[in-house]
Amino acid sequence: MLNLRLLAARVIHQVVFSKCSLTDCLKDALAQVQDPRDQGFLQSICFGVCRWYFRLDTLTQLLLEKPLKTKDQDIYSLILVGLYQLAEMRVPAHAAIDETVSATRGLKKPWAKNLVNAILRRYQRDFIALNAEIASSPVALYAHPPWMIDLIQKNWPTEWQAILTANNQHPPFSLRVNKRKISRADYLLKLKESHLDAKIIPETPTGIILNQPLNVQELPGFLVGEISVQDGAGQLAAGLLELKPSQRVLDACAAPGGKTTHLLESQTDIELIAVDCDERRLNAVRDNLHRLQLSATCICADVAETATWWDGQLFDRILVDAPCSASGVIRRHPDIKILRRATDIAKLVEQQTRLLNAMWHLLKPGGWIVYATCSIFSEENLGVMQTFLASHSDAIEEKIIEKWGKERAIGRQILPNMQEMDGFYFARLSKALSLSTG
């Protein structure tokens, strides 16, 4: 019989010690589980351990009399799974302990049974004192790595605690109504008829938050393209481009296609080129286009290597949804806290700058670029924009006058959970029609 705690421990081991994406590891693990309730339980544990990893890790080190050997990292992962159940889940303590201890058999390490049992029972007995002992550690208290806490505090000196708290919350289940097929008001009525509670995202013309998440296949109208899953912040990009009929539009770094399809829903009479360097993820774009009955030219390429894919025709609008630290979407992808490194930021800034420079050459005079990231770090956002504008005399900021987010010296920043949206940055640039001389 499959032990779900053992399966969860294997996923956590891959994320923490092999630096694999939680999404990828969990997908493989879920394929081994048939019962939807068991799938939900497994997913809940894996996401929860990643969300609270830095607190659970601090506790585990406190509870272990001596560090485990490298070859026993699987046992360490199982202890994390056990502690998470006791600390955060509504699983009866006896069941959490017994099932987690039983999982040691699957690891073929009989000696570990007593160790895991002793650690979990000690936490069950002394959790008040143990939690008090680690409460003075910001890493344990906020469940973030030290470098990330420091950088968020530096970037957002008055909001950093709220950001860290928001990062550990469960994200809303946000939807985008396809106005080509149904109005938002009519879709809300359809949800009400299905006894599903929802509310609008007022900062968007198409956004809805469902009060209770459910499988997308069960959403009314999903299969016929009336609705897509997309955070409210992600839905802002299409409107910022102010698309007009017959324009030639480039969606750089398009996968998995949420913004691609939204561009086409916003303005069907455009020529849209969607480029991404990952063929597997580009297939997700194609699937989304097919479900929504939309059409775009999908190209697998490094979009910055324009000689490999560009036909020489300039674009009226370009969306640069740049690769970034994803520090604004940690609540959706808690493994970011485990996988991301401080040294990644400078490399990402270099990549973002290279991408913007390449895209600028593809833009018509008078055309617009919208630069977007799901990052909250100024280095990737305001810093990139300042550097770019300083080195391009034909680049002009087109101010974003909106009520959402916070105004920055260039662009606007949404912080995690601000107006119930993910953390996102947007800036909009136009290319001068001609440079004045004299």
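With which residue does Glu 279 form a salt bridge? The partner is Arg 286, and the closest N and O atoms of the two residues are 2.8 Å apart. A salt bridge is here a side-chain nitrogen of Lys or Arg within 4 Å of a carboxyl oxygen of Asp or Glu. By this rule the count comes to 26 salt bridges.

The model is predicted: local features need pLDDT of at least 70, side-chain atom pairs count only at pLDDT 80 or more, and totals for chains, interfaces and linings use all residues. Residues are numbered from 1 along each chain as its sequence is written, and side-chain values use heavy atoms, with hydrogens and water left out.

| Salt bridge | Closest N and O atoms |
|---|---|
| Glu 279 and Arg 286 | 2.8 Å |
| Asp 344 and Arg 340 | 3.4 Å |
| Arg 122 and Asp 126 | 3.8 Å |

Arg 122 and Asp 126 both belong to helix α7 (residues 112-134), where they stand 4 residues apart, about one turn of the helix. Helices (H or I, at least four residues) are DSSP runs, numbered from the N terminus.

Arg 122 is partly exposed at 31%, and Asp 126 is partly exposed at 26%. In the pair from the opening question, Glu 279 is partly exposed with a value of 37%, and Arg 286 is partly exposed with 31%. Asp 344, by contrast, counts as buried, because its relative accessibility is 17%.

Salt bridges may also join into a network, as they do for Asp 231, Arg 331, Arg 332 and Asp 422.

Terms used
Helix = DSSP H or I, 4+ residues; strand = E, 2+ residues; numbered from the N terminus. Buried < 20%, exposed > 50% of the residue type's maximum accessible area, 1.4 Å probe, protein only.
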